[in-house]
Amino acid sequence: MAAKAKNSVWAFLASVQLALLLIGLLASTSIIGTVVQQNKPPEHYAETWGKTGAAVINAFNLDDMYNSVWFLALLGAFSLNLTVCSLDRLPGVIRLVRKDNLDTATEQLLKMKMQHKVQRGGSVKTATQHLLGYLSGKGWKAARRDKEDGTLFFAQKGGWTRYGVYLVHISILIILLGAVIGSPTVAKKILKNPQFAFKGGVLLPELRSTERIFSYDDESEIPLGFTVRCNFFDIHFYDNGMPKDFVSGLTVLEQGKEVLTTNIEVNKPLTYKGITFYQSSYNDMHRPIIHLTNLTTGKKTVFPVNPEQWDATHSWQEEGGQGMLRIQEARSVPAENGTGTSTEMQMWLMDSQGPPSMFPMSYGRPVIVERPSTKYELKIGPHYATGLQVSKDPGVWWVYSGCALMLLGLYAAFFMSHRKIWAYVHEVNGGAVVVFIGNANKNNLGFEKTLAALAEGFSGKNDSSN
Amino acid sequence: MNSSQLFGITTIAYLLSSVCYIGLFVFRNKKVGQVGLVLAVLGILAQTIGLGLRWQESYTLGIGHAPLTNMYESLLFFAWCAAIFYVLLEIKFKLPVIGAFAMPIPFITLAYTSVDKGLSRDISPLVPALQSNWLIAHVITCFIGYGAFAVAAGLGIMYLLKQFGHDRKFSADTLIGSLPELRTLDDVIHKTIVFGFMWLSAGIITGAVWANEAWGTYWSWDPKETWSIITWFVYALTLHARFTRGWNGSRIAWLAVIGFISVFFTYFGVNYLLAGLHSYGSN
């Protein structure tokens, strides 16, 4: 009784009906979260869906439905169904792939639909000898076995493609596993180690550094284990005013020592020790900052301007010695676009060679300063803070591997076939007769042509050898 | 000649091609069907040159990106994929009657791009999020899938029509008689769906990889992503029902149509309908 009960539970979990039901439920319930906006404040739901609607949304967690217990349970049931279903069917497929195809009775083979008979003069012995070489020359590695009244050859290709559909099933499980491994919730609540996997962000003003970021879920602090400094932030625009790129210059420091300096952009993140920094937003600090670029070496230096002491002297190190720069005068002028004001300044700059340079400059407009030893680009503009999304997802390679496996599995399952050929050599009326028999689990029409060509090639070979 | 003129020529070629195929369907005149094929191929050539020119125009504007970046360009590309997919299908299966149900798809799409004045045809520069090589891989894989699914839906409608005629015992001389055999249609529908499913999977995967590169999340359940997975589920369901439950015929034909409705919603509905809900909700 117990065994029977177990079997019926197993059969239910392995059943395709259950799979169809779960896929249907996943597909239809997923629609809800595209109509009900996700992760909005409670007032939003009351306003949009009314009091009753909001109560239903609240009861079923529809405001965050893809993380709700019932949706995760559906995904869990789907995984279980996939696992049991695959385990249930795999042994049969393995038997099918490993089957001893030379064991098949010749009478049974000769009844198969796809076959070509080649009359061949000469002895059975020569035909047998030729056949093995011929088949391997055509890429069919054949095994042979002597039967009562002849010799049977067998070769197959693509036996592994019968596993294709299971590769797809396993790939889904691997992707879901990757999602669990990379889940911040699992890291925090189950592993009790929020540093294992997280998603968060930090707003980092130019020239400032940080050792921690803030989790998106609950704004808790997550230590990075190293320090990141924002050297500068820059936006460029197209002529029509659309943003062209957002760039942040970042430096990674370990125990105060610079280990890595690079620029990140949207679509060009920085990954260090498994933690990835994405350019996600920016903020204007409403304070000026001076950007200085040595155009020979490419070295960028920035100096924040304190509005109380805007005429302070800033200094930096160059190869030949020290450089210095300051704002000597500043006055407000009407802005060119007619709204608000801009600032015009008189600048003073000196480095290790030559007399100081003095020149005018306006806010937001870069100028080129020519010095005896080099050229500088100087600009005074807003002091920005770069908005970084910071995440650590140790599961992402599982997900990617799963995706690659899925494509391989789909290709094998749909576009490749398990092709088998037998060649049976026997004697009829003193002459050798070879029967080529074929079988494929897909695209029989195409394989029929292959088999016909194979048979014809062998009879042609016979003609030429005569 | 510029790209818009070429797209105009393409629209006319697809229209005439559709008319020829419908002529073949109605009058069973094989010659007309062959003209339909020639027109379809000419249309595809004109459109290919047009797309190439638009690509080049973007470089002369100093923007320089593949013409796959807004709704107008994606519709052009969808029409191109659907037309190419149909022509390859005809070459493979030699069933030109399908053209009567397939070629109107690229024609209607192109006609829509010239009628809808709200559709911006400007070649605009790429915002930072779109500046990625994954853009091309993602759009191409998705749209090959969409093109196949569109043709599968056309085939599904053919199947249902044919079956309707069968059930009413229409004689073979009527219009229904010139449609291919039910069994043949069933087979082509299935193969088309399988082909589309492979590319849709690749499209979702390239999209996920791209999202992870740009934002650090390969899946965030936004409406577009969710609808793409719903579509994927619908076709997965179709394939399983066929392989393991032996579903075929009209049930698969219906699923081919339902699947395409889901594709259509992923492509359009999410942009217009859900975006509408969104703006309504936040007002």
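In chain A, if we take the contacts between residues at least 6 apart in sequence, 56% join residues at least 24 apart, a contact meaning that the C-beta atoms of two residues, placed from the backbone, lie within 7 Å. Residues are numbered from 1 along each chain as its sequence is written, and chains are lettered from A and ligands numbered from 1 in the order in which they are written.

Chain A averages a pLDDT of 89, with 96% of the residues scoring at least 70, where pLDDT is the predictor's confidence in each residue, from 0 to 100. Over residues 462-466 of chain A, however, the pLDDT is below 50, and this stretch has three contacts in the model beyond near neighbours in sequence. Where pLDDT is low, the predicted coordinates should not be read in detail.

Now to overall shape: the C-alpha trace of chain A spans about 115 × 70 × 45 Å along its principal axes.

Turning to chain B, the domain assignment, which is automatic or taken from a database, gives domain 1 (1-117) and domain 2 (131-283). Their C-alpha centres lie 20 Å apart, and the contact takes 21 residues from domain 1 of chain B and 21 residues from domain 2 of chain B.

In chain A, by comparison, the C-alpha centres of domain 2 and domain 3 are separated by 73 Å.

Definitions and conventions
Predicted model: local features only at pLDDT ≥ 70, side-chain atom pairs only at ≥ 80, totals over all residues.
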